[in-house]
Amino acid sequence: MNPQAKGESVFLHTGRRDFLKLLGAVAITAAAPGEVYALSARGTAATPVKNRSPLVANSFYALPLGAVKPQGWLARQLRIQANGLSGHLDETWADVGPNSGWLGGTGESWERGPYFLDGLVPLAYQLDDARLKAKAQKYIDWTLSSQQASGMFGPRSNDDWWPRMVMLKVLTQYEEATGDPRVIPLMSRYFNYQLAALPTRPLRDWGKFRWQDEVLSVVWLYNRTGDPNLLKLAHLLHDQGYDWQAEIADFHYKQRITPEFIKLNSGGGLSDVALATHGVNNGMAVKTGPVWAMFSGAAADRDAAAEMLRVLDRYHGLPNGMFSCDEHLAGLNPSQGSELCTVVELMFSLEQSLAISGDALLGDRLEKVAFNALPGTFTDDMWAHQYNQEPNQVECSLHREPWTTDGPESNLFGLDPNFGCCAANFHQGWPKFAATLWMASHDDGLAAVAYAPSSVEAMLGETPVRITETTDYPFRNRVQISIDAARPTAFPLRLRIPAWSEGTSIRVNGKSVTAQAGSFTNIARTWKAGDEVEIAFAMKPRVTRWFQNSVAIDRGSLVFSLPVKEDWLKLRDRGMTADWQVYPASEWNYALNVDEKTAPSLNVVETAVVESPFTVANPPVKLEVMGRKLPSWVAEDGVAKPVPAGPIASSAAEDKLTLVPYAAAKLRITAFPQLKT
Ligand SMILES: [Zn+2]
């Protein structure tokens with residue numbers, strides 16, 4: 001069981017693990033979680049477990065949960081999340097409450113308990129929050145102590161493979177944070193059971209379309225135990241699972257999907273075409289190629305995440321980093337929505353795909369989703385969220401249009417608008433993003449794959465190294481990286497240079513280093529305590545083009561929107577939270593006088609980065625742009641009509657408009673007609 005015994009260059013966080021071994025499994029179960037797990041929360045320097053032969057090496061490996069700590073505005077954002085619905089969902093929503101099947105009860109026994117934990121566990125351990133750890137521990141203890149003799153685990157009321165795929169992700173994160181010795185034996189027994197059972201009880205519906213997520217957990221265990229049966233299991237999942245790469249290679253879903261097209265009301269469950277065009281499935285599937293590249297070593301597999309995004313963007317891309325999915329693929333109109341589950345699942349896919357492939361552009365996309373679509377679909381206090389968000393979202397009220405299949409509550413802010421999956425699943429977004437800002441590289445160095453205030457501790461060879469990243473990125477262009485090594489030590493430090501940052505300045509102790517946009521800059525040297533790296537990204541505003549030749553304006557990773565004045569109207573109380581409609585109280589129908597040439601000279605106004613940087617009251621950065629009203633562009637039943645094709649003329653007076661980060665404006669226009677001048 002010990003990977004080091006087989007001569008692999010693998011370091012587990014041995015100090016923590018030995019301590020837990022001394023305690024033994026019984027003590028872990030019996031002790032108050034806060035007491036036992038405080039040690040891991042202090043963060044022993046850790047090195048990740050690398051891919052074991054015959055798996056192909058990754059470019060990067062995620063560090064064990066707890067090695068990366070959020071700081072600055074990101075730490076405050078995680079605290080807002082913990083103080084909001086994430087820290088209280090079980091107290092106010094029966095689906096994950098005391099009668100949950102994942103606590104041995106008779107309530108919801110499918111995906112919602114595991115979804116909740118998939119975010120609660122990393123949130124609890126990143127914040128080192130004893131209250132949240134204790135909440136998570138109840139579900140985990142039930143899961144670990146109720147495995148059947150066959151190897152099956154989880155609620156006995158269903159034998160669906162799918163919800164267990166989510167719980168396996170939970171258990172791997174939990175084991176990294178705690179070293180709980182019960183996890184690996186449970187997973188080993190379950191995978192043996194599944195290997196024997198799959199030939200006669202194959203993957204179906206959700207599990208068939210999401211098989212790649214289970215392969216990640218199979219790989220996680222294989223790298224720790226070396227059991228060759230796990231490779232057989234991975235191949236079986238691959239063989240029974242949906243072939244996403246074949247779909248993308250011959251892509252048929254180029255239009256807005258309709259209920260008729262997917263035969264939604266014909267009974268008998270969801271058809272394969274419904275599952276193939278389902279937004280969340282697509283967001284999860286982005287990682288499929290890279291996950292399989294660990295087995296095949298094929299460049300086409302490794303690059304398949306970028307290829308899938310290229311195809312989805314071409315037919316369904318939106319300016320907030322998402323593709324449309326409300327909840328099936330919905331075309332290019334920026335008045336269509338994207339489901340919150342897809343936002344967080346796409347982020348997880350990008351994090352995993354980037355680790356395997358080392359493709360810097362996936363980091364650009366990850367930041368775009370994390371800094372725009374993710375916070376843009378929550379209230380500032382994270383007590384309410386939407387099911388669907390729209391780039392051009394001028395009203396959040398009860399309406400059936402324009403969704404492909406979703407119901408009339410889909411863009412309300414609330415506890416569980418439209419359907420409860422997002423209420424259970426959203427929690428993983430911020431904590432997993434924070435945990436993967438820094439990764440270990442295959443050659444025993446560290447890599448900054450996305451930027452936000454943070455610190456990281458890792459063992460590099462025999463030397464513990466701590467790096468502190470001080471920044472207000474993405475609201476500012478400067479990042480300061482301070483290195484603290486126990487003794488001078490040679491390792492490669494890789495820095496992702498976004499494709500939009502032509503002319504990035506990097507200085508190591510004041511000395512300039514060459515950087516190339518759209519790739520990782522590798523600084524290989526002997527690092528010592530007190531070394532400083534200063535990065536200044538080139539963050540001029542720039543125009544991107546969307547549906548009907550519309551323009552959106554980005555600065556760095558942030559997308560900017562015209563905020564529409566908001567009237568919040570409570571629809572009803574929902575336990576500790578409430579459901580809200582939001583009505584517009586100002587005009588939004590403008591064409592912008594901007595193009596690729598003029599955008600870089602737009603006026604940028606920077607103000608203080610406050611407690612919560614994604615609020616419309618105090619956005620840390622604004623853009624000023626001239627525009628004219630376009631009276632013919634109106635809303636119908638609360639939905640902005642498709643953005644008129646531009647350039648388009650207007651005889652209205654010229655106005656100076658102030659744009660704010662997308663996520664700050666809960667009512668907004670993001671894709672504008674270009675003004676004809
Ligand atoms: Zn959802």
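The protein exposes about 22,700 Å² of surface, and carbon and sulfur atoms supply 52% of that area. The model is a predicted one. It contains 21 helices and 26 strands, and 63% of its 677 residues count as buried.

**Overall form**

- A compact globule of 677 residues would have a radius of gyration near 26 Å, so the 24 Å of the protein agrees with that description.
- The C-alpha trace spans about 75 × 65 × 45 Å along the principal axes of the protein.
- Among contacts in the protein with a separation of 6 or more, 73% are made by residues 24 or more positions apart.
- The protein carries 64 positive and 73 negative side chains, and the centres of these two sets lie 3 Å apart.

- Strand S18 (residues 566-574) pairs with strand S19 (residues 577-584) in the antiparallel sense, over eight bridges.
- Across this pairing, Arg572 stands opposite Asp579 in S19.
- Two residues lie between the strands of the hairpin, and Gly575 takes a positive phi near 60 degrees there.

**A buried glutamine**

- Gln126 belongs to helix H5, which covers residues 112-127.
- Gln126 counts as buried because its relative accessibility is 4%, and the cut-off for buried is under 20%.
- Leaving aside residues up to four places away in sequence, Gln126 touches Leu65, Val68, Lys69, Pro70, Leu78, Pro431, Ala434 and Ala435.

**Backbone exceptions**

- Most peptide bonds are trans, and most residues other than glycine have a negative phi.
- Asp326 and Glu327 are joined by a cis peptide bond with omega of about -5 degrees; Glu327 is found in the loop between helix H17 (304-316) and strand S3 (338-339).
- A cis peptide bond also leads from Glu401 to Pro402, with omega near 5 degrees; Pro402 lies in the loop between strand S4 (388-389) and helix H20 (421-425).
- Asn418 is found in the loop between S4 and H20 and has a positive phi of about 70 degrees, although it is not a glycine.
- With a relative accessible area of 27%, Asn418 is partly exposed.
- Asp637, which is not a glycine either, has a positive phi of about 50 degrees; Asp637 lies in the loop between strand S23 (635-636) and strand S24 (639-640).
- Asp637 counts as exposed because its relative accessibility is 61%, and the cut-off for exposed is over 50%.

Definitions and conventions. Residues numbered from 1 in each chain as written. Predicted model: local features only at pLDDT ≥ 70, side-chain atom pairs only at ≥ 80, totals over all residues. Heavy atoms only, no water. Helix = DSSP H or I, 4+ residues; strand = E, 2+ residues; numbered from the N terminus. Rg over C-alpha atoms; globule rule 2.2 N^0.38 Å. Buried < 20%, exposed > 50% of the residue type's maximum accessible area, 1.4 Å probe, protein only. Contact = heavy atoms within 4.5 Å. Areas by Shrake-Rupley, 256 points an atom, 1.4 Å probe, with all protein chains shown as cover. Lys, Arg positive; Asp, Glu negative; His and termini not counted. Charge placed at Lys NZ, Arg CZ, Asp CG, Glu CD. Pairing = 2+ DSSP bridges.
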